Amino acid sequence: MNKFLSIVMAIALVIGLTGQNVTFAQTKLTKKEIKEGWVLLFDGKTTEGWRGNNRADFPKGWEVVDGTLHCKGSGQGEAGANDGGDILYDKQFTNFRLKMEWKVAPGGNSGIFYLGKEVEGWPIYKTAPEMQVLDNEKHPDARAGKDGNRMAGSLYDLIPAKPQNANKAGEWNEIEIEVYKGSVWHRQNGKTVLEYHLWTDDWNKLVADSKFPELNPDWANVPKSGVIALQDHGDDVWYRNIKILVSE
């Protein structure tokens, strides 16, 4: 009997450990990534390094759950009061490759900002380019904008992601944003979906014809160094496996 109980307990322990490894496997760097110099921006267990935009603390509208950073949806979209707000990693980056995975609830909306600056009283979108995070099937933003430039993976309201290869709501998507001396690439689920070049004549014209100058007349002058931030749009969204490789 004792032997049987020992076997059962051993099996339970293995299952428990396996489950834990599966839960937090996405927060671990591979040997290859470590050798290349990748660094985790989120450890899967704590909010270390993260805080709210224009605040020193971490908003209660976000939580760490099952190895993810989860924005708790208010059910009221942008109008919902949830002690949330955008969160950012408290360090500035210049040239880098940023990778992470995201999934969104049905009808959900969020975004990944980069090269952003904190300005008192301003949301981060008034200073930073954004890779759109969206349920393309149910959220109206997918039908707004121009030529699909508000769909997932797009440079929000400026350049559409092509091919449009985002997975359905509730499914994980893998993305990479690469920034190098003003050139920017968005990659989604293994495909490069757009490329653009900051501070060029084409860039200035693109922004001039958009809504952004009304939000911030200097919006086109994206900083050379800035923060990475995740958007609270009032909807449930999950982020994990957040890591960065900094270039010279």
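1. Helices (H or I, at least four residues) and strands (E, at least two) are DSSP runs, numbered from the N terminus.

2. A quick word on what you're looking at. This is a predicted model, where local features need pLDDT of at least 70 and side-chain atom pairs count only at pLDDT 80 or more, while totals for chains, interfaces and linings use all residues. Residues are numbered from 1 along each chain as its sequence is written, and side-chain values use heavy atoms, with hydrogens and water left out.

3. Now the sheet. Five strands make an open sheet in the order S2-S5-S12-S7-S8, with antiparallel pairing (two strands pair if DSSP finds at least two bridges between them). At the edges sit S2 (50-52) and S8 (130-134), each pairing on one side only. S7 (residues 109-116) and S8 pair over five bridges, and Ile112 stands opposite Met131 in S8.

4. Back to Thr127. Is Thr127 buried or exposed? Thr127 counts as buried because its relative accessibility is 9%, and buried means under 20% relative accessible area with a 1.4 Å probe, protein chains only. Not counting residues up to four places away in sequence, Thr127 touches several residues, including Leu115, Trp122 and Trp219 (contact means heavy atoms within 4.5 Å).

5. Have a look at Gln188 too, in strand S10 (residues 183-188). Gln188 is buried, with a relative accessible area of 0%. A polar atom of the Gln188 side chain lies 3.5 Å from the backbone oxygen of Ala152, and one lies 3.4 Å from the backbone nitrogen of Gly153.

Note on methods. Buried < 20%, exposed > 50% of the residue type's maximum accessible area, 1.4 Å probe, protein only. Polar contact = N/O pair within 3.5 Å; in protein donor to acceptor, adjacent residues only side chain to side chain.
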